[in-house]
Amino acid sequence: MSDILGKLDEVLQQRRQAAATDSYVASLHHKGLNKILEKVGEETTETLLAAKDAEHGDDASRHALIAETADLWFHSLVMLSHLGLSHEQVLEELARRFGISGHDEKAARQ
């Protein structure tokens with residue numbers, strides 16, 4: 001399970017070059033960045049709504065939140081792939097921030 005991001009990265013790279021009729025990911029790449037961003041936005045909204053339901057919900061609503069978060073992460077990975085970026089760069093940025101106060105890190109960006 002720990003290498004799932006690496007496996008997904010390999011698949012995303014393969015699908016990026018595939019015919020649009022061969023895979024969902026390939027069809028997103030062929031439709032372009034705006035379509036991919038539309039999907040990221042859609043999944044973001046669905047994740048937020050699922051989180052609201054899960055706050056005081058049952059196991060089913062918590063599972064729905066996990067599923068929607070997986071969709072959001074997946075489409076975010078497609079976006080990165082489309083732009084020639086990778087999950088490793090995101091992980092490196094998170095590692096860079098580790099141990100730094102969130103307030104300090106945010107202030108340093110401005």
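**Helix H2.** I began with helix H2 (residues 24-31), where I found Val 25, Ala 26, Ser 27, Leu 28 and His 29 to be buried, buried meaning under 20% relative accessible area, exposed over 50% and partly exposed in between, with a 1.4 Å probe and protein chains only. Helices here (H or I, at least four residues) and strands (E, at least two) are DSSP runs, numbered from the N terminus. I then looked up the partners of the buried H2 residues, which pack against helix H1 (4-16), helix H3 (33-55) and H4, where contact means heavy atoms within 4.5 Å. After H2 comes Gly 32, and I noted for this residue a positive phi, near 100°.

**Model and numbering.** I keep in mind that this is a predicted model, in which local features need pLDDT of at least 70 and side-chain atom pairs count only at pLDDT 80 or more, while totals for chains, interfaces and linings use all residues. Residues are numbered from 1 along each chain as its sequence is written, and side-chain values use heavy atoms, with hydrogens and water left out. For pLDDT, the predictor's confidence in each residue from 0 to 100, I found a chain mean of 93, with 98% of the residues at 70 or more. Confidence is lowest in helix H6 (residues 102-109), at a mean of 78, and highest in H3, at 98.

**Whole chain.** I counted six helices and zero strands in the chain, and of its 110 residues 26% count as buried. Among contacts between residues at least 6 apart in sequence, 53% join residues at least 24 apart. The C-alpha atoms fill a box of roughly 45 × 40 × 30 Å, taken along the principal axes.

**Pocket and cavity.** I worked with a 1 Å grid over the protein atoms alone, on which a cavity is a set of points where a 1.4 Å probe fits but cannot get out, a pocket is an open set with protein on both sides within 12 Å along at least five of seven lines, and lining residues have an atom within 4 Å of a point. Grid points are joined across faces, edges and corners, and a volume is the space filled by probe spheres set on the points. The largest pocket holds about 220 Å³ of space, and its lining includes Leu 5, Trp 73, Leu 77, Leu 80 and His 87. Helix H4 (59-82) and helix H5 (87-97) each supply at least two residues of this pocket lining. I found one cavity of 30 Å³ or more; the largest cavity has a volume of about 40 Å³, and among the residues lining it are Leu 5, Asp 9, Leu 77, Leu 80 and His 87.

**His 87.** Leaving aside residues up to four places away in sequence, His 87 touches Leu 5, Gly 6, Asp 9, Leu 77 and Leu 80.

**Lys 52.** Last, I looked up Lys 52 in helix H3, which counts as exposed at 60% relative accessibility.
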